[in-house]
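Visitor: Before we look at the model, could you explain each label by setting the value against the rule behind it?
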Amino acid sequence: MIQKVIIFDFDGTIADTVDALVNIANRLAKEFGYVQITPEELALLRNLTSREIISYSGISLFKIPFLVKRVKGELKNKIPELKPIPGIKDALTALKTEGHRLGIITSNSKDNVTDFLKINDLEELFEFIYSGVTIFGKTTIINNLLRQKQIKSEEVIYVGDETRDIEASKKANIKVIAVTWGFNSPEVLAKQNPYFLIHHPSELLEVINSC
């Protein structure tokens, strides 16, 4: 077995934050000029790419960084209530035990992620947490991380729950595993042709060891 660097998205991939984020987004809708998300609309949004969601919402691109900052600030108060995705802790522990290096790249704040990991006894599993705000993709953030950590792209596997995770990973020339337990639907994820598409954290170890 070859040791790999496994980079995880946070929201929707490790932490079950979708409902909390939707509630916060709805509270901020009037202030930022977009329509609140109904349960029916959430089902629709899950089948759209990140670019399509922004277009659908009608929100100005100039407002997005300010919206992201507000959402992260409000989510901080919800961290003690949030739970890990069922089965993810066992999967992460198994990967660490096998000798893989684990890290997180997120558009959430580093403080929010660190607090969540501490509360849920996950902190010791991760070698790094890299936070940065992006609109459509994380390619620049991924490339900066690889350069800083002197990690070769062929050693890396990205694990995420959104189409933008797949898009960014491909642009960075790294393998990507899309997970269906987060935000985007299995159907729209499959259309982006990830390296693997999995439906439960218990599949992670076998898939990663086969890469």
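Guide: Gladly, and let me start with the element names, since helices (H or I, at least four residues) and strands (E, at least two) are DSSP runs, numbered from the N terminus. By that numbering, Asn173 is placed in the loop between α8 and β5 (175–179). Please keep in mind that this is a predicted model.

Visitor: Why are Asp121 and Asn173 called exposed?
Guide: The term exposed requires a relative accessible area over 50%. Asp121 has 59% and therefore qualifies, and Asn173, also with 59%, is exposed by that rule.

Visitor: How do you know that Asp115 and Lys76 form a salt bridge?
Guide: The rule asks for a side-chain nitrogen of Lys or Arg within 4 Å of a carboxyl oxygen of Asp or Glu. In this pair the closest N and O atoms are 3.3 Å apart, so the distance is within the cut-off of 4 Å. Asp115 belongs to helix α6 (residues 110–119), whereas Lys76 sits in the loop between α4 (64–75) and α5 (88–97), so the bridge ties together parts that are 39 residues apart in sequence. It is one contribution to a total of ten salt bridges in the structure.

Visitor: What makes Arg101 and Glu127 a salt bridge, and which parts does the pair tie together?
Guide: Their closest N and O atoms are 2.7 Å apart, which is within 4 Å, and the pair therefore qualifies. Arg101 lies in strand β2 (residues 101–106) and Glu127 in the loop between α6 and β3 (128–131), so parts 26 residues apart in sequence are tied together.

Visitor: Is the pair of Lys138 and Asp165 buried or exposed?
Guide: Lys138 and Asp165 are both buried, a term that means a relative accessible area under 20%. Their side chains meet in a salt bridge with an N to O distance of 3.2 Å. Lys138 is in the loop between β3 and α7 (139–149) and Asp165 in helix α8 (residues 163–171), so the bridge ties together parts that are 27 residues apart in sequence.

Visitor: Why are α1 and α4 called oblique to each other?
Guide: Helix α1 (residues 18–32) and α4 pack at an angle of about 130°, with axes 10 Å apart. Roughly perpendicular ends at 115 degrees and roughly antiparallel begins over 145, so an angle between these limits counts as oblique. The two helices are therefore oblique to each other, and their crossing is right-handed.

Visitor: Which residues make the contact of α1 with α4?
Guide: Among them are Leu21, Ile24 and Leu28 of α1 and Phe66, Leu67 and Val71 of α4. By class, the contact has nine nonpolar, no polar and four charged residues. Arg27 and Glu31 of α1 and Arg70 and Glu74 of α4 also take part in the contact, and these four are linked in a network of salt bridges.

How values were computed. Residues are numbered from 1 along each chain as its sequence is written. This is a predicted model: local features need pLDDT of at least 70, side-chain atom pairs count only at pLDDT 80 or more; totals for chains, interfaces and linings use all residues. Side-chain values use heavy atoms; hydrogens and water are left out. Buried means under 20% relative accessible area, exposed over 50%, partly exposed in between (1.4 Å probe, protein chains only). Axes are lines fitted to C-alpha atoms, for helices over the stretch in contact, and angles run from 0 to 180 degrees between N-to-C directions. Angles under 35 degrees count as roughly parallel, over 145 as roughly antiparallel, 65 to 115 as roughly perpendicular and the rest as oblique. A crossing is left-handed if the near helix is turned anticlockwise from the far one by less than a right angle, and right-handed if clockwise. Contact means heavy atoms within 4.5 Å. Ala, Val, Leu, Ile, Met, Phe, Trp, Tyr, Cys and Pro count as nonpolar, Asp, Glu, Lys and Arg as charged, and the others, Gly among them, as polar.
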